[in-house]
Amino acid sequence: MTTTTLGRSKRSVADLLFDICNTLFLLALLVLTLYPVMNTLAVSFNQAQDTVRDSTFLWPREFTTLNYSTLFQDGLIYHAFFISVARTLLGTGSSVFCTAMLAYTLSRKEYMLRGPISFIFIFTMYFSGGLIPTYMLIKNLQLYGTFWVYVIPGLIGAFNLIVMRSFMEGLPESLVESAQIDGATHFSIFLRIILPLSLPVIATIALFVAVGQWNSWFDTFLYNSSNINLSTLQYELMKKLQSANMSVGGTAESAFASSKNIQANIVTPASIRAAITVVATVPIIIVYPFLQKYFVTGLTLGGVKE
Amino acid sequence: MSVTVERVKEHTQIQKRPRKWSKLRSQKALMIMSIPFLVYVIIFAYVPLYGWMMAFQNYKLGSVMVENEWVGLANFRELFQDENFIRVIRNTLAMSLINLVFGFVSSIGLALMLNEVRKVMFKRVVQTVSYLPHFLSWVVAANLIMNVLSIDGAVNKLLVSLHIIKEPIMWLSEQHYFWWIIGASNVWKEIGWSAIIYLAAMTTIDPSLYEAASIDGAGRFRKIRHITLPGIRGIIVILLIMNIGHILDAGFEQQYLLQTPMVVDFSETIDIFVLKYGINLSRFSFATAAGIFKTVISVVLLLAANRMAKRMGQERLF
């Protein structure tokens with residue numbers, strides 16, 4: 001009797017120690033993950049000259065919204081924000097709809113082209129023409145320097161297609177059959193039955209695509225860098241980052257470099273950069289808690305062998 | 001007897017023909033819904049493969065592709081005599097390997113730790129926060145990393161105040177730190193996200209195994225070693241294979257955004273090389289050859305890894 005209790009209490013001490021260490025590790029991870037974000041937020045709300053004097057940590061020392069108001073006085077940033085929003089909305093909407101429609105046809109087991117089309121798409125996951133041939137294709141298709149270059153090339157991704165197809169294959173077959181008996185066409189079955197039932201997977205894919213659209217800068221850099229009207233928020237931020245990197249040593253020096261300028265006595269490039277970073281991040285932070293419950297299922301589904 | 005057979009045959013044939021016809025008719029709708037996308041993917045994913053011809057030509061801007069001068073493997077030969085290209089391969093492999101090892105160890109570690117947390121609230125908070133960086137763009141992440149690593153950033157302040165270093169270090173200007181900074185920032189960004197799939201795999205492990213182990217007197221570490229880890233072995237192997245196929249992919253945005261002029265010798269990857277020679281210097285044939293090299297090596301690696309997994313009797317990708 002006594003030995004068992006002793007053994008049990010001994011085990012629970014080890015257990016407790018394990019739990020404490022585990023919790024401490026995870027807390028450290030929380031701090032490491034959040035600190036850079038909090039710090040940038042603090043810098044963006046701190047008075048710029050004060051940031052140059054001494055670095056801010058978690059809280060702004062001299063609170064100001066001047067960095068933001070200066071940022072949005074710049075018409076370019078304002079415009080870039082709207083281009084970013086437009087490409088995210090249009091790009092996500094069209095991509096999700098087209099992917100779902102194709103996935104529906106490929107989820108129909110009787111469809112004769114189901115195998116070949118699936119294979120042709122899956123193959124693109126491993127084999128692609130690469131940067132230069134794709135660049136020349138975009139030029140040849142007259143998409144270069146247009147807004148459509150944000151929407152069309154990324155319309156259907158093979159991975160998203162597979163995830164949607166697997167989900168739709170899991171829906172009960174009888175739904176489609178009974179609708180067919182009632183005389184519904186495939187398009188209306190897709191639109192009225194399959195699409196609403198696929199909401200969880202659609203939310204997941206929409207989140208992936210929307211985040212990808214909002215975050216991308218490379219297509220702007222490659223195809224639209226000469227057309228300032230089509231610049232996006234991320235690309236503007238990237239330009240600011242590059243100019244900071246090119247001035248040797250990064251943040252602190254680039255801030256000093258422009259202090260000859262009278263304007264720079266009020267804001268510095270570093271503070272402006274922090275402000276754009278926050279603006280470029282906020283929409284994602286607002287959206288993702290709503291979709292969080294879906295994406296775990298979505299990711300697990302996609303990870304399973306197709 | 002034979003009459004009935006004939007009859008049955010006749011009957012099924014009559015039945016079959018309209019069925020086939022109706023099948024074809026119903027598939028017309030499916031075809032209309034899918035064939036435009038087939039055309040789309042052929043244009044956007046397969047037509048660029050035709051551009052591979054450039055690598056074997058001396059391509060001149062604005063010319064029709066087939067009319068260019070054919071040069072055989074000259075571009076490839078030049079590529080492998082180019083010191084820059086050799087260096088770029090070294091950088092790509094080094095950073096990919098660091099990312100692969102760090103990424104796997106850290107995300108499996110996090111999944112194991114989260115799996116041991118009993119307080120549901122705490123687990124959820126840690127998870128939610130650890131996914132967050134995955135959703136930030138590399139531009140934003142690079143900004144955050146630059147702030148933390150700057151001369152008066154938190155890392156320097158901390159290390160100086162702990163007397164680990166005397167002077168603040170310009171982290172991003174030191175060649176020898178660059179690969180590790182890339183590795184660490186990659187872990188920071190993706191750890192939570194990559195842990196999801198392992199956590200999901202862990203939930204499918206039979207709880208009675210753990211109960212049996214506790215009765216046998218196994219501690220937490222033993223249970224992790226003998227139950228949890230073997231339980232997720234299959235998914236680890238699959239992800240490893242998938243990642244090996246993408247080993248030469250690891251690295252464009254991070255390196256491009258975080259590099260400073262002082263570290264180019266260590267930061268340039270194959271993708272940056274292709275961009276620089278192809279787009280900036282308009283050497284299309286040369287850059288395409290470099291791109292082909294990358295794709296071919298990736299596919300070979302993927303096939304090799306898959307075959308290895310097959311031989312080891314593990315689950316595999318295809």
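A:Asp15 and B:Arg118 form a salt bridge through their side chains, with 3.7 Å from N to O. The model is predicted. In it, 4 salt bridges are counted between chain B and chain A, and helix α1 (residues 2–50) of chain B contributes the most to the side of chain B that touches chain A, with 21 residues.

**Interface of chains A and B**

- The contact involves 90 residues of chain B and 95 residues of chain A.
- About 8,400 Å² is buried between the two chains, and carbon and sulfur atoms give 75% of that area.
- B:Met33, B:Phe37 and B:Phe135 supply 9% of the area that chain B buries against chain A, more than any other three residues.
- Polar contacts across the interface of chain B and chain A come to 20 residue pairs, with both residues at pLDDT 80 or more.

**Chain A**

- Chain A has 14 helices and 0 strands, so defined as DSSP runs.
- Of its 306 residues, 48% are buried.
- Among contacts in chain A between residues at least 6 apart in sequence, 70% link residues at least 24 apart.

**Helix α4 of chain B**

- Helix α4 of chain B covers residues 120–131, which is 12 residues.
- From first C-alpha to last, helix α4 of chain B reaches 17 Å, close to the 16 Å expected at 1.5 Å a residue.
- Buried residues in α4(B) are B:Phe122, B:Val126, B:Gln127, B:Val129, B:Ser130 and B:Tyr131.

Note on methods:
Residues numbered from 1 in each chain as written. Chains lettered and ligands numbered in written order. Heavy atoms only, no water. Helix = DSSP H or I, 4+ residues; strand = E, 2+ residues; numbered from the N terminus. Buried < 20%, exposed > 50% of the residue type's maximum accessible area, 1.4 Å probe, protein only. Contact = heavy atoms within 4.5 Å. Expected span 1.5 Å × (residues − 1). Buried area = accessible area lost by both parts, 1.4 Å probe. Polar contact = N/O pair within 3.5 Å; in protein donor to acceptor, adjacent residues only side chain to side chain.
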